[in-house]
Amino acid sequence: TGTRTFFIGGNHKMNGSKSMLESLSKGMNESVESKENVEIFIAPSYPYLDFLSSRLDNKKFKVSGQNCYSVAKGAFTGEISANMLVDLGIPYVIIGHSERRNVFGESTDLITKKTKYAISLGLTVILCLGEQLDDRKSSKTEKVLSDQLKDFASFTPEEWSKIVIAYEPVWAIGTGVVATPQEAQDTHVFIRKWISENVSEDVAKKTSIMYGGSVNAENCQNLSKQSDIDGFLVGGASLIAADFITIINSAV
Ligand code: PEP
(Lines give C-alpha, C1' and ligand atoms only; values in the text may rest on other atoms or scores of the structure.)
Protein backbone atom coordinates (compact mmCIF):
# COMPACT_ATOMS: atom_id res chain seq x y z
CA THR A 1 0.00 0.00 0.00
CA GLY A 2 3.03 2.28 0.18
CA THR A 3 2.15 5.66 1.66
CA ARG A 4 -1.59 5.25 1.17
CA THR A 5 -3.88 5.15 4.20
CA PHE A 6 -5.21 1.66 4.99
CA PHE A 7 -8.96 1.87 5.76
CA ILE A 8 -10.97 -0.72 7.64
CA GLY A 9 -14.70 -0.12 7.74
CA GLY A 10 -17.54 -2.07 9.25
CA ASN A 11 -20.80 -1.80 7.32
CA HIS A 12 -23.61 -2.83 9.64
CA LYS A 13 -26.31 -2.47 6.96
CA MET A 14 -29.75 -2.79 8.66
CA ASN A 15 -28.46 -4.64 11.72
CA GLY A 16 -27.63 -3.86 15.33
CA SER A 17 -29.17 -2.75 18.60
CA LYS A 18 -28.09 -0.63 21.55
CA SER A 19 -26.90 -3.66 23.53
CA MET A 20 -25.01 -5.10 20.55
CA LEU A 21 -23.28 -1.76 19.85
CA GLU A 22 -22.51 -1.31 23.54
CA SER A 23 -20.58 -4.59 23.71
CA LEU A 24 -18.96 -4.16 20.28
CA SER A 25 -17.64 -0.72 21.31
CA LYS A 26 -16.35 -2.06 24.60
CA GLY A 27 -14.47 -4.88 22.86
CA MET A 28 -13.00 -2.60 20.23
CA ASN A 29 -11.96 0.10 22.71
CA GLU A 30 -10.14 -2.51 24.80
CA SER A 31 -8.54 -4.65 22.08
CA VAL A 32 -7.42 -2.31 19.31
CA GLU A 33 -4.36 -0.08 19.37
CA SER A 34 -4.08 2.81 16.92
CA LYS A 35 -1.61 2.34 14.08
CA GLU A 36 -0.09 5.02 11.97
CA ASN A 37 -1.74 5.34 8.55
CA VAL A 38 -4.66 3.07 9.48
CA GLU A 39 -8.19 4.52 9.71
CA ILE A 40 -11.00 2.51 11.26
CA PHE A 41 -14.70 3.30 11.04
CA ILE A 42 -18.10 1.74 11.60
CA ALA A 43 -21.20 2.60 9.61
CA PRO A 44 -24.07 1.65 11.93
CA SER A 45 -27.71 1.73 11.00
CA TYR A 46 -28.72 5.42 10.95
CA PRO A 47 -30.66 5.70 14.22
CA TYR A 48 -27.54 4.59 16.11
CA LEU A 49 -24.94 7.01 14.70
CA ASP A 50 -24.86 9.24 17.76
CA PHE A 51 -25.23 6.36 20.22
CA LEU A 52 -22.29 4.48 18.69
CA SER A 53 -20.15 7.59 18.41
CA SER A 54 -20.66 8.34 22.12
CA ARG A 55 -19.43 4.86 23.08
CA LEU A 56 -16.47 4.33 20.74
CA ASP A 57 -13.07 5.74 21.64
CA ASN A 58 -13.10 8.58 19.12
CA LYS A 59 -9.31 8.79 19.09
CA LYS A 60 -9.17 5.31 17.58
CA PHE A 61 -12.43 4.99 15.69
CA LYS A 62 -14.78 7.05 13.54
CA VAL A 63 -18.36 6.49 12.53
CA SER A 64 -19.70 6.70 9.00
CA GLY A 65 -23.03 7.15 7.26
CA GLN A 66 -24.23 4.29 5.02
CA ASN A 67 -25.74 6.63 2.44
CA CYS A 68 -26.80 10.25 1.92
CA TYR A 69 -28.77 12.27 -0.61
CA SER A 70 -27.66 14.85 -3.18
CA VAL A 71 -29.21 17.99 -1.66
CA ALA A 72 -29.11 19.69 1.75
CA LYS A 73 -32.70 19.34 2.94
CA GLY A 74 -36.33 19.29 1.98
CA ALA A 75 -39.23 17.06 1.07
CA PHE A 76 -37.35 13.76 0.68
CA THR A 77 -39.01 11.41 3.14
CA GLY A 78 -36.71 8.63 4.29
CA GLU A 79 -33.54 10.21 2.92
CA ILE A 80 -30.51 11.39 4.89
CA SER A 81 -28.74 14.69 4.38
CA ALA A 82 -24.98 14.95 4.06
CA ASN A 83 -25.32 18.25 5.95
CA MET A 84 -26.71 16.33 8.93
CA LEU A 85 -23.70 14.01 8.94
CA VAL A 86 -21.45 17.07 8.98
CA ASP A 87 -23.59 18.58 11.76
CA LEU A 88 -23.00 15.43 13.84
CA GLY A 89 -19.23 15.62 13.22
CA ILE A 90 -19.22 12.46 11.10
CA PRO A 91 -16.34 12.37 8.60
CA TYR A 92 -17.30 9.45 6.32
CA VAL A 93 -20.19 8.29 4.21
CA ILE A 94 -20.56 5.16 2.08
CA ILE A 95 -22.10 5.89 -1.33
CA GLY A 96 -23.04 3.48 -4.10
CA HIS A 97 -23.12 0.27 -2.09
CA SER A 98 -24.32 -2.60 -4.26
CA GLU A 99 -27.48 -2.89 -2.15
CA ARG A 100 -28.27 0.78 -2.91
CA ARG A 101 -27.61 0.15 -6.61
CA ASN A 102 -29.33 -3.22 -6.94
CA VAL A 103 -32.01 -3.40 -4.22
CA PHE A 104 -33.00 0.29 -4.25
CA GLY A 105 -32.30 0.98 -7.91
CA GLU A 106 -29.85 3.88 -7.53
CA SER A 107 -28.29 4.86 -10.85
CA THR A 108 -24.64 5.62 -11.45
CA ASP A 109 -25.74 9.16 -12.30
CA LEU A 110 -27.39 9.65 -8.89
CA ILE A 111 -24.41 8.07 -7.12
CA THR A 112 -22.07 10.50 -8.86
CA LYS A 113 -24.27 13.49 -7.89
CA LYS A 114 -24.47 12.36 -4.28
CA THR A 115 -20.70 11.88 -4.13
CA LYS A 116 -20.05 15.33 -5.57
CA TYR A 117 -22.39 16.92 -3.05
CA ALA A 118 -20.98 15.04 -0.02
CA ILE A 119 -17.43 15.93 -1.04
CA SER A 120 -18.37 19.60 -1.41
CA LEU A 121 -19.27 19.59 2.31
CA GLY A 122 -15.92 18.04 3.26
CA LEU A 123 -17.10 14.47 3.84
CA THR A 124 -14.84 11.64 2.73
CA VAL A 125 -16.83 9.29 0.50
CA ILE A 126 -16.34 5.53 0.47
CA LEU A 127 -17.38 5.00 -3.15
CA CYS A 128 -18.43 1.40 -3.81
CA LEU A 129 -17.97 -0.26 -7.20
CA GLY A 130 -18.36 -3.83 -8.34
CA GLU A 131 -19.52 -6.22 -11.02
CA GLN A 132 -22.16 -8.95 -10.86
CA LEU A 133 -21.33 -12.65 -11.28
CA ASP A 134 -22.59 -12.69 -14.89
CA ASP A 135 -20.34 -9.73 -15.71
CA ARG A 136 -17.29 -11.55 -14.39
CA LYS A 137 -18.21 -14.79 -16.16
CA SER A 138 -18.59 -12.97 -19.46
CA SER A 139 -15.36 -10.96 -18.99
CA LYS A 140 -17.26 -7.66 -18.60
CA THR A 141 -15.79 -6.69 -15.22
CA GLU A 142 -13.56 -3.95 -16.63
CA LYS A 143 -16.37 -2.52 -18.77
CA VAL A 144 -18.77 -2.41 -15.78
CA LEU A 145 -16.19 -0.74 -13.51
CA SER A 146 -15.28 1.78 -16.23
CA ASP A 147 -18.98 2.65 -16.62
CA GLN A 148 -19.38 3.10 -12.85
CA LEU A 149 -16.29 5.33 -12.79
CA LYS A 150 -16.95 7.24 -16.03
CA ASP A 151 -18.36 10.47 -14.57
CA PHE A 152 -15.60 10.69 -11.97
CA ALA A 153 -13.08 11.46 -14.71
CA SER A 154 -14.13 15.12 -14.46
CA PHE A 155 -13.62 15.32 -10.69
CA THR A 156 -10.64 17.48 -9.69
CA PRO A 157 -7.64 16.12 -7.76
CA GLU A 158 -9.00 18.01 -4.71
CA GLU A 159 -12.30 16.16 -5.05
CA TRP A 160 -10.48 12.86 -5.54
CA SER A 161 -8.57 13.47 -2.31
CA LYS A 162 -11.94 12.99 -0.55
CA ILE A 163 -12.70 9.68 -2.31
CA VAL A 164 -11.80 6.22 -1.07
CA ILE A 165 -12.78 3.45 -3.49
CA ALA A 166 -14.29 0.23 -2.17
CA TYR A 167 -14.12 -2.52 -4.79
CA GLU A 168 -16.87 -4.96 -3.88
CA PRO A 169 -17.65 -7.71 -6.39
CA VAL A 170 -21.40 -8.26 -5.97
CA TRP A 171 -20.96 -12.05 -6.13
CA ALA A 172 -18.75 -11.87 -3.04
CA ILE A 173 -20.98 -9.69 -0.85
CA GLY A 174 -22.68 -11.69 1.88
CA THR A 175 -22.12 -14.95 0.02
CA GLY A 176 -19.09 -16.40 1.80
CA VAL A 177 -17.38 -16.52 -1.61
CA VAL A 178 -14.40 -14.20 -1.26
CA ALA A 179 -12.37 -13.03 -4.26
CA THR A 180 -8.96 -14.67 -4.29
CA PRO A 181 -6.11 -12.34 -3.30
CA GLN A 182 -4.98 -12.43 -6.95
CA GLU A 183 -8.46 -11.65 -8.36
CA ALA A 184 -8.82 -8.71 -5.97
CA GLN A 185 -5.26 -7.47 -6.62
CA ASP A 186 -5.73 -7.64 -10.42
CA THR A 187 -9.00 -5.71 -10.27
CA HIS A 188 -7.51 -3.09 -7.94
CA VAL A 189 -4.67 -2.65 -10.42
CA PHE A 190 -7.23 -2.15 -13.18
CA ILE A 191 -9.07 0.52 -11.13
CA ARG A 192 -5.79 2.29 -10.36
CA LYS A 193 -4.86 2.21 -14.04
CA TRP A 194 -8.26 3.69 -14.92
CA ILE A 195 -7.65 6.55 -12.46
CA SER A 196 -4.16 7.07 -13.83
CA GLU A 197 -5.39 7.27 -17.44
CA ASN A 198 -8.55 9.28 -16.78
CA VAL A 199 -7.61 11.55 -13.87
CA SER A 200 -3.87 11.56 -13.18
CA GLU A 201 -1.02 9.32 -12.16
CA ASP A 202 -0.61 11.25 -8.93
CA VAL A 203 -4.27 10.75 -7.95
CA ALA A 204 -3.99 7.05 -8.87
CA LYS A 205 -1.01 6.65 -6.56
CA LYS A 206 -2.71 8.42 -3.66
CA THR A 207 -6.22 6.92 -3.81
CA SER A 208 -6.85 4.12 -1.33
CA ILE A 209 -8.76 1.15 -2.76
CA MET A 210 -10.46 -1.06 -0.18
CA TYR A 211 -11.68 -4.58 -0.94
CA GLY A 212 -15.09 -5.79 0.25
CA GLY A 213 -16.94 -9.07 -0.10
CA SER A 214 -16.93 -11.88 2.49
CA VAL A 215 -13.79 -10.66 4.25
CA ASN A 216 -13.39 -12.59 7.51
CA ALA A 217 -10.90 -13.27 10.30
CA GLU A 218 -9.24 -16.04 8.24
CA ASN A 219 -8.92 -14.60 4.74
CA CYS A 220 -8.00 -11.00 5.69
CA GLN A 221 -4.32 -11.82 6.19
CA ASN A 222 -3.55 -12.90 2.63
CA LEU A 223 -5.70 -10.18 1.10
CA SER A 224 -3.94 -7.45 3.09
CA LYS A 225 -0.56 -8.57 1.72
CA GLN A 226 -1.54 -7.52 -1.82
CA SER A 227 0.16 -4.27 -2.71
CA ASP A 228 -2.93 -2.59 -4.21
CA ILE A 229 -5.38 -3.60 -1.47
CA ASP A 230 -5.54 -0.60 0.85
CA GLY A 231 -8.14 -1.78 3.31
CA PHE A 232 -11.37 -3.69 3.82
CA LEU A 233 -15.05 -2.89 3.86
CA VAL A 234 -16.58 -5.59 6.03
CA GLY A 235 -20.25 -6.51 6.34
CA GLY A 236 -21.17 -9.67 8.24
CA ALA A 237 -17.88 -10.09 10.12
CA SER A 238 -18.03 -6.50 11.42
CA LEU A 239 -21.05 -7.44 13.56
CA ILE A 240 -18.96 -9.92 15.58
CA ALA A 241 -16.51 -8.15 17.88
CA ALA A 242 -13.84 -10.88 17.95
CA ASP A 243 -13.83 -11.24 14.14
CA PHE A 244 -13.79 -7.53 13.40
CA ILE A 245 -10.97 -6.98 15.93
CA THR A 246 -8.93 -9.74 14.25
CA ILE A 247 -9.49 -8.11 10.85
CA ILE A 248 -8.47 -4.69 12.21
CA ASN A 249 -5.35 -6.11 13.82
CA SER A 250 -4.35 -7.81 10.54
CA ALA A 251 -3.81 -4.38 8.99
CA VAL A 252 -0.31 -3.93 7.69
C1 PEP B 1 -20.58 -5.12 2.43
O2 PEP B 1 -21.79 -5.10 2.65
O3 PEP B 1 -20.01 -4.08 2.15
C4 PEP B 1 -19.88 -6.42 2.51
C5 PEP B 1 -18.69 -6.50 2.03
O6 PEP B 1 -20.56 -7.48 3.12
P7 PEP B 1 -19.93 -8.92 3.55
O8 PEP B 1 -18.61 -8.64 4.23
O9 PEP B 1 -20.95 -9.49 4.50
O10 PEP B 1 -19.75 -9.70 2.31
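This short talk describes a barrel, a pair of helices and the surroundings of a ligand.

Good morning. The structure is a predicted model, in which local features need pLDDT of at least 70, side-chain atom pairs count only at pLDDT 80 or more, and totals for chains, interfaces and linings use all residues. Residues are numbered from 1 along each chain as its sequence is written.

I begin with the barrel. Eight strands close into it in the order β1-β2-β3-β4-β5-β6-β7-β8, with parallel pairing. Strands here are DSSP runs of E, at least two residues long, and helices are runs of H or I of at least four, numbered from the N terminus. Two strands pair if DSSP finds at least two bridges between them. From one strand to the next, the twist averages 30°. Strand β6 (residues 163-167) runs parallel to β7 (residues 209-212), and three bridges join them. Opposite M210 in β7 stands A166.

I turn to the helices. At what angle do α7 and α9 pack? Helix α7 (residues 141-149) meets helix α9 (residues 181-198) at about 40°, and their axes are 11 Å apart. Axes are lines fitted to C-alpha atoms, for helices over the stretch in contact, and angles run from 0 to 180 degrees between N-to-C directions. Therefore α7 is oblique to α9; angles under 35 degrees count as roughly parallel, over 145 as roughly antiparallel, 65 to 115 as roughly perpendicular and the rest as oblique.

Finally, the ligand. Which residues come nearest to it? Of the 14 residues around the ligand, these are N11, I173, G212, G235 and G236; a residue is near if its C-beta atom, placed from the backbone, lies within 6 Å. Thank you.
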